[in-house]
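This report is written for a reader who is meeting the structure for the first time. Please look over the sequence and the model before reading on.

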Amino acid sequence: MTLILFDIDATMLTTKRAGIEAIEEVGRELFGTRFAIDGVSFAGSLDPVIIAELIARHGGEPSDEAIHDFRVRYTGAFERALASEPGRVRALPGVRDAIDSLLALRDKEGLTLGVLTGNYPETGAMKIAGAGIDPAIFEVCVWGSDSPHRPPRREHLPPVAFERYHARRSVRIAPERVTIIGDTPHDVSCALLNGCRCLGVGTGMFSAAQLLESGAQHAVDDLSDTRGVVDWLLR
């Protein structure tokens with residue numbers, strides 16, 4: 001039994017800042033031209049955390065209702081951004097080949113593919129589909145809005161994945177049989193804090209060397225070496 005959880009942004013794909021632009025569009029609708037995202041950390045964060053911080057920075061109350069309203073507006077703005085520029089989302093090097101190779105081994109190796117991401121489910125699924133990948137192949141999905149704790153943090157998400165794996169497979173999976181693939185030190189730390197392995201991918205703001213320094217058991221510049229990546233994941 002093995003569970004492999006992919007991060008989305010800058011690990012699996014790029015949207016050429018479509019998500020950030022959609023957030024800026026909604027922010028201007030709600031707060032006017034003074035709205036700015038300067039100083040807000042997006043890499044490795046969770047969508048509800050980002051939105052709550054932006055609302056508070058601009059004098060709003062980050063209540064559940066306000067965050068939900070921003071989320072609904074953001075979903076619409078993101079959908080429009082993708083529709084206005086077909087092909088804006090693209091899979092990063094080696095991602096499709098790695099996924100196809102893992103799918104081919106799924107039954108033989110007892111593999112389950114999943115997603116662990118800071119995205120909301122609706123926008124996350126749009127990104128995956130936009131990259132030409134079928135979201136349905138990911139059987140265990142944990143989204144940025146799935147933390148059972150307040151305030152939410154990324155390290156809360158792997159236990160949710162464990163429970164969803166159990167619900168789907170009717171067996172418990174040991175944390176050391178779970179690998180999180182991600183591009184930030186946040187992905188690394190959430191894996192290590194929950195006893196999981198981590199494969200760092202240097203396709204985002206952090207190099208493979210930096211991800212190794214953060215504690216990833218293995219790191220690559222990208223997923224182009226399909227055989228090497230798959231062999232390590234199954235080791």
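What volume does the largest pocket have? The volume of the largest pocket is about 700 Å³.

## Basis of the report

This is a predicted model, in which local features need pLDDT of at least 70 and side-chain atom pairs count only at pLDDT 80 or more, while totals for chains, interfaces and linings use all residues. Residues are numbered from 1 along each chain as its sequence is written, and side-chain values use heavy atoms, with hydrogens and water left out.

## The largest pocket

A pocket is an open set of points on a 1 Å grid over the protein atoms alone, where a 1.4 Å probe fits and protein lies on both sides within 12 Å along at least five of seven lines; lining residues have an atom within 4 Å of a point. The largest pocket is lined by 34 residues, and those nearest its centre are D9, A10, I20, F42 and A43.

At least two lining residues come from each of β2 (13-14), α1 (18-31), α2 (47-57) and α8, and α1 gives the most, with three. Helices (H or I, at least four residues) and strands (E, at least two) are DSSP runs, numbered from the N terminus. By class, this lining holds 13 nonpolar, 13 polar and eight charged residues.

## The second largest pocket

The second largest pocket has a volume of about 290 Å³. Of its 15 lining residues, P48, D64, I67, R150 and P152 are the closest to its centre, and the elements that give two or more residues to this lining are α2 and α3.

## The nonpolar cores

A nonpolar core is a set of buried Ala, Val, Leu, Ile, Met, Phe, Trp, Tyr and Cys residues joined through side-chain atoms within 4.5 Å, where buried means under 20% relative accessible area (1.4 Å probe, protein chains only). The largest such core has 53 residues, and F6, M12, I133 and F138 have the most contacts inside it. Helix α3 (residues 64-84) gives the most to this core, with seven residues. A second, separate core of 23 residues includes L5, V142, A191 and L211.

Contact means heavy atoms within 4.5 Å. Leaving aside neighbours within four places in sequence, M12 is in contact with several residues, among them F6, A91, L92, I133 and F138.

## Helix α8

Within helix α8 (residues 185-193), the residues D187, V188, C190 and A191 are buried. The buried residues of α8 pack against β4 (111-116), α7 (157-169), β6 (178-182), β7 (197-201) and α9 (208-213). The helix α8 is followed by G195, whose phi is positive, near 75°.

Notes: Buried means under 20% relative accessible area, exposed over 50%, partly exposed in between (1.4 Å probe, protein chains only). Grid points are joined across faces, edges and corners, and a volume is the space filled by probe spheres set on the points. Ala, Val, Leu, Ile, Met, Phe, Trp, Tyr, Cys and Pro count as nonpolar, Asp, Glu, Lys and Arg as charged, and the others, Gly among them, as polar.
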